[in-house]
Every structure is written in structure tokens, then in C-alpha cells.
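Q: I'm new to this one. Can you walk me through it in short answers?
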Amino acid sequence: MESHEHAIREKAEIMVDHFHAQVISLRKIGGQARAMVVTGGIERAIQYFHAFKDYLKERKSPYAPIVAFSGEHEYGGKKVTDATLNGFPGSQIPDKVRQDPYRFLIVADKYQTGYDEPLLHTMYVDKALSGIKAVQTLSRLNRAHPQKHDTFILDFHNDSETIQKSFEPYYRTTILSDETDPNKLHDLKSDLDGCQVYSRTQIDNLVGLYLNGADRDKLDPILDACVATYNADLDEDGQVDFKGKAKAFVRTYGFLASILPYSNADWEKLSIFLNFLIPKLPAPKEEDLSRGILEAIDMDSYRVEVKTSLKIGLADQDAEIGPVPTSGGGRKPEPELDQLSNIIKAFNDQFGNIEWKDGDKISKVIAEEIPAKVAADAAYQNAMKNNDKKTARIEHDAALQRVMVDLLSDHTELFKQFSDNPSFKKWVGDTIFGVTYQQQAEHSATGAGQGR
């Protein structure tokens, strides 16, 4: 039944319509997104190829499919290959996929493993997948791209339990709980509205300002008023409940909106509003359970004991040290121009295609202003001096978050990318940590040398 021409055509229409409405229209990967169609065999792949061509033509769509399979196959009374159907050699498929008009790659046991294409955003699965094959196939979408913030899979064949069991052996935690119930959004919104932390007017005002490009200092007064209500009117249990449900609404709506044709403006507005409000909601104060522990310890019982004995071997040879330094003082180090230029080059290479209002200014802020402020953070400085690199990175990330929040009023656009774009956030974090931690290491080495 699944191989019948009618069934193939029905599913092909769903895939094509979804791709145009939820991928192209939403400009996934900056409008460059591609899709892979995973089929159960060569016959099915060829059927889909023709169904896609026919329906795309009927839609007057500018896009076209590519089919990929190995060897020759008899179809319609004659021998065909993917090269004869596509009109170009199979070796050119990876390059052609990146070029318009090609947006769909229809495969039959080909390109399901070892294929690295960052522009792949969406996968349509019409084939039984399980075990390592499921992990390998679905992971084709995992290749990073500066403008790739999410991925999507529409599965016509497998259930969530099968996919979950396939991934569990290769991951720390369960990734799927069950199918998502769209009706939960009604319940969540009703519960959130009932808390009266916000009003309809506040939502409309904030969303209107945000969509018109207002700076963050115009948005904060609205959010701060809601936070004040949250603190004053809700007890600890109520705060935990509200915040948890707010996160659940944003997460669920973001997922369902990518597959269901919602036209509910109120849900979209609430999602935008909560994305701004949630980070500002304080966590409930927790009792310090460690208080009094030190007083309860019997320090008279403290003792030193031998744990191990070892010898430290020194090289049997002459050594040379320098004289005691006779000069002192110091100065502010000059900026490392090579490092600065490398940061700006990396920024332009990876994120220059984002439509920044002032890309040059943003790159300079990342290369100069942010590292200086993060490096000056007391907690981070203490961690670099007294802890290992892993602990220092934790304090660095906390310091970076504080610095980014402080920059909100002047650089809303930068903060939005930092908050919404995981690849940009990771690059900024790695870059700033690399610069600041290296500077501290060099400073410590210089201090140790002078100490001799």
C-alpha cells in the first residue's frame, strides 16, 4: 500500500508543502536550507523523484529534486541510474545539492552515513529505522552552520519509542518522552494567564516594540513590572509553577509551530513575550543547608597523616638562573594585534552573513570590549589563579553572561544572537575564554619568573 502511486503522491505533496511553508518561508539557514527524503528502496526513491518533479511543477515552484541510489534499476520498462534521471553524474550530487534549484535529495541507502552537508535542515523519513542505522541516518542533520539554529524530522514510518530506544545506548539521557500533545498549549496558556503576572496590554506593547526593532531599554520597563508582580503576588511554589509552565509553553509551541499550520497570533505573541520574561524571573531563594557545618566540626580531632612517599628526581647537571631583577613596576599590556585581527577575521568568516546593523562595531566589541570586561570579573580572576581550567571555564561563562546582559541597552542585536543562536554563543564563549585564559597564564608565568 505504501508503494502505491497514490500513497507516494500524497506523501510527496505533504513533504513539498511543508518544506515551502515551514522551511523556505521561515528562511531556515538564511533561506539556504535543504531537505533529505529517506526512502525504503530504489523503486520507492524513483517514484518519489517523479512525484516531486510533477508536484513542484504544478506548484510552479522554482525548486527541483535530486535522486541518489547505486547501480542500475529497471523502472518503466527500461534501465535507469541516478545519473540518467538527474542529468548529471552521480559524483556531482554533493556539489549540486548546494546549488539552486536543487533543494531535495531523495535517497535509497545512499548518503545516509558519512555525508556531511551543513545546509541539510529537514529530513522526511519513509523507511523503517532502528538501532545504529537510525542514529546514523538522523544524524545527517547534525552538521553545524552559522545560521542553522534548529533541525526538523517528519517521520511517516517510525514511532517515537523505536527512535528513543535506538538513541539511548549512544546518549546520556532519554531524548524523547512521547508524542507531543498540541492541546497542552491551551492548558498551559490558561494556567499562565490565571497567574496574572502579565496583562494582554503588556504582551502587545512588548511584542510591538520588539518587532519594530526597539532597543532593550524600551522593553525592560514592561518586563520589570511583570517581575515585580511575580515576586509580590506569588509564593515560592507559585513562582516555581509559573516559571516551569512558561518554559514548557515556549518549548512546546516552538516545536509544534514547525509542523502545524498555526495562525494563532496570541500564541506567537505570548511565546515572544515569555522568551524575554523567563530569564528575568529570579529563582526562589533556597535555605543555606551548609550554614553551621564548620561550627559542628571538632577541629581538635584534625590531624595530618602520611598518604604516600615518593622521590623527586633532579637532573644531574649544571643549571643557570638569571640575576635578581633590579627593575619593577608594570604597564597595561598592548593589545595583541595578531589575536585581534584573527578574531575579527573569524567573526567575518563565520557570521558575516548575518545582517548586522553595524558588523564592524559588533566585531570590535567582541574582540576588545567583551574580553576586557570578562577578564576584569573578580570571580573569574580568582578561578584562573586558584582553580583548574575546567572550573575557570565555568566562572568565565558566568562572567560572560553578566557582561552580555550589561551590554543589552547598547547592543540588543548582539545579545539577541548570543541568546538565540547556539553556534554564535559557543563561538563567542570559546573565543573570549581562549583570549582571557591565555593572558592570565602568560601573566602568571611572568610573575613566577620575576619571583625567582
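Q: Let's start with a detail. Which side chain makes a polar contact with the side chain of Arg98?
A: The side chain of Glu117, at 2.7 Å. A polar contact is a pair of N or O atoms within 3.5 Å; within protein, one must be able to donate a hydrogen and the other to accept it, and residues adjacent in sequence count only if both atoms are side-chain atoms.

Q: Before we go on, what kind of model is this?
A: This is a predicted model: local features need pLDDT of at least 70, side-chain atom pairs count only at pLDDT 80 or more, and totals for chains, interfaces and linings use all residues. Residues are numbered from 1 along each chain as its sequence is written, and side-chain values use heavy atoms, with hydrogens and water left out.

Q: Back to Arg98. Where does it lie?
A: Arg98 is in the loop between helix H4 (93-97) and E5. Helices (H or I, at least four residues) and strands (E, at least two) are DSSP runs, numbered from the N terminus.

Q: What does Arg98 touch, leaving out residues up to four places away in sequence?
A: Arg34, Glu117 and Leu119. Contact means heavy atoms within 4.5 Å. Arg98 and Arg34 are 64 residues apart along the chain, and their C-alpha atoms are separated by 8.0 Å.

Q: Why is Arg98 called partly exposed?
A: Because its relative accessible area is 40%. Buried means under 20% relative accessible area, exposed over 50%, and partly exposed in between (1.4 Å probe, protein chains only).

Q: And Arg103, buried or exposed?
A: Arg103 is buried, with a relative accessible area of 5%. It is found in strand E5, residues 102-107.

Q: What does the Arg103 side chain reach?
A: It reaches the backbone oxygen of Ala33 at 3.1 Å. The Arg103 side chain also makes a polar contact with the side chain of Asp100, at 2.7 Å. Beyond neighbours within four places in sequence, the contacts of Arg103 include Phe19, Ile24, Tyr63 and Ala64.

Q: Asp100 came up there. Which residue does a cis peptide bond join to Asp100?
A: Pro101, with omega at about 15 degrees. Pro101 lies in the loop between H4 and E5.

Q: Switching topic. Which residues other than glycine have a positive phi?
A: Arg27 is one of them, with a phi of about 50 degrees. Ile29 is another, with phi near 50 degrees. Arg27 lies in the loop between helix H1 (5-24) and strand E1 (34-39). Ile29 lies in the loop between H1 and E1.

Q: Are those two buried or exposed?
A: Arg27 counts as exposed, at 53% relative accessibility. Ile29 is buried, with a relative accessible area of 2%.

Q: What about Asp126? Where is it?
A: In strand E6, residues 120-126. Asp126 counts as buried, at 1% relative accessibility. Its side chain and that of Tyr48 are joined by a polar contact of 2.7 Å. Other residues in contact with Asp126 include Glu2, Lys11, Arg44 and His157.

Q: Now helices. How do H5 and H6 cross?
A: The axes of helix H5 (residues 131-138) and helix H6 (residues 160-167) come within 8 Å and cross at roughly 95 degrees. Axes are lines fitted to C-alpha atoms, for helices over the stretch in contact, and angles run from 0 to 180 degrees between N-to-C directions. H5 and H6 are therefore roughly perpendicular to each other, a label for angles of 65 to 115 degrees.

Q: Which residues meet there?
A: Gly131, Ala134, Val135 and Leu138 in H5 meet Ile163, Ser166 and Phe167 in H6.

Q: Zooming out, how many helices and strands are there?
A: The protein has 18 helices and seven strands. Of its 452 residues, 38% count as buried.

Q: How confident is the predictor?
A: The mean pLDDT is 79, and 79% of the residues reach 70 or more. pLDDT is the predictor's confidence in each residue, from 0 to 100.

Q: Where does pLDDT stay under 50?
A: Over residues 299-338, where the model has two contacts beyond four places in sequence. Over residues 448-452 the pLDDT is also below 50, and that stretch has one contact beyond near neighbours in sequence. Where pLDDT is low, the predicted coordinates should not be read in detail.

Conventions. Angles under 35 degrees count as roughly parallel, over 145 as roughly antiparallel, 65 to 115 as roughly perpendicular and the rest as oblique.
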